[in-house]
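Colleague: I have a model open and would like to go through it. Could you start with the rule you use for charged pairs?

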Amino acid sequence: MSKNSKVLNLKDKISGNEVDLSLSNLTEVPVRELGLFPKATVVDLSCNNIITLSPEFCSLTHLVRLDLSKNQLTCLPDDLGNLVNLQHLDLYNNKLTGLPVSFSQLKSLKWLDLKDNPLEPGLAKAAGDCLDEKQCKQCALKVLQHMRAIQDEVDRAREKRLLREKELEKKREARQREREAREREARKREKAEEKEKRRKEYVAQMAAVAAQEQQKKKNEERKKKNGQAADKKVVVEPAPKPRRSLIGLMFKLLLLLMLGLAGVAAACRLTDLQKEAVCVPINTAVDSSLSWAKVQEGVIRQLVQNLSSAAKELLESTQTSKN
């Protein structure tokens, strides 16, 4: 069946402000179609097979009188209290055990029938027998009071739950703050330890540098003192006497021999001894030597120079070895 046909059929069931959908073998309420007729404030849905009401049913706030008797309802939607204009509600012969907490918000409700429902004891006591008009009005009043008491309990329980949640949240926040404080303290302590470590390393490094500088100064002072002592020793101590060597001794003996021979030759040639028999061979030898010497003058000069150089080098090497 199309939407238009449903609307047409619903129009056929409307009489003034009433909609009669009883005995229509319905399993659900045509909420959308009923919403199209806000002037239809009285709806009869009795004697059907409706098991539950959809949440959208609570949008039909224009309803004033509602008959849901003789259905299979096991529960009512949580937002039933939105039907603030509802004055008459018939729930006779269903399978309801309880009512939603929002039922207490039906402030306009004047008539209620809950007979032949397996209600929980507290609700059944508040509902009463509802055998006539007066009892049904009394049922509406007492059930509303009962549901308001339940609403108050629910509100208190919700407040307590919210309070507990707030306290738990505060505790969680406090624990979080404590944890963050411990973490900050740990980081601060780590930074302080790291800084102290760097400071000790710096102090140790500076101490090592200072020790090196001190040792360097001591070494310089020691060298300076050693230098001054060496200078004093050089000034105070007399120069060591050169050691006599065999070559030097032979040179001196040769020089003395030559001086002796020269003296003898001079005596034999320059004094009256030249006519003596002893000086004749000497004078002859001297004359021969002089003649030979003139010939060998260059050779002798070179020999003398070589001997002088050798003697000089010998003296220098001797002096160096002593130092």
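Modeller: A salt bridge is a side-chain nitrogen of Lys or Arg within 4 Å of a carboxyl oxygen of Asp or Glu. This is a predicted model, where local features need pLDDT of at least 70 and side-chain atom pairs count only at pLDDT 80 or more, while totals for chains, interfaces and linings use all residues. Residues are numbered from 1 along each chain as its sequence is written, and side-chain values use heavy atoms, with hydrogens and water left out.

Colleague: How many salt bridges does that rule give?

Modeller: The count comes to 6 salt bridges. In general, side chains of opposite charge can pair when their charged atoms come close.

Colleague: Which residue does aspartate 113 meet in a salt bridge?

Modeller: Aspartate 113 meets lysine 115, at 2.8 Å from N to O.

Colleague: Is aspartate 113 buried or exposed?

Modeller: Buried means under 20% relative accessible area, exposed means over 50%, and partly exposed is in between (1.4 Å probe, protein chains only). Aspartate 113 has a relative accessible area of 5%, so it is buried. Lysine 115 has 21%, so it is partly exposed.

Colleague: What about arginine 199?

Modeller: Arginine 199 forms a salt bridge with glutamate 196, at 2.5 Å from N to O. These two also lie in helix H4, 3 residues apart.

Colleague: New topic. How many helices and strands are there?

Modeller: The protein chain has 7 helices and 6 strands. Helices (H or I, at least four residues) and strands (E, at least two) are DSSP runs, numbered from the N terminus.

Colleague: What order do the strands take in the sheet?

Modeller: The order is S1-S2-S3-S4-S5-S6, in an open sheet with mixed pairing. Two strands pair if DSSP finds at least two bridges between them.

Colleague: In what sense do S1 and S2 pair?

Modeller: S1 and strand S2 (residues 18–20) are antiparallel, over 2 bridges. Serine 15 has glutamate 18 in S2 as its bridge partner.

Colleague: Now the surface. Which residues form the nonpolar patch?

Modeller: Among them are Leu246, Met250, Phe251 and Leu303, and the patch has about 1,000 Å² of accessible area together. Helix H5 (246–270) and helix H7 (297–322) each give two or more residues, and H5 has the largest share, 8 residues. Patches take residues with over 30% relative accessible area and no salt bridge, joining like charges within 9 Å and nonpolar side chains (Val, Leu, Ile, Met, Phe, Trp, Tyr) within 5 Å. Accessible areas come from the Shrake-Rupley method with a 1.4 Å probe, and for residues only the protein chains shown count as cover.

Colleague: Which residues gather in the patch of positive charge?

Modeller: Lys171, Arg175, Arg179 and Arg182 do, on the surface. Lys and Arg count as positive, Asp and Glu as negative, and His and the chain ends are not counted. The place of a charge is taken as NZ of Lys, CZ of Arg, CG of Asp or CD of Glu. Lysine 171 is in helix H4 (residues 133–236).
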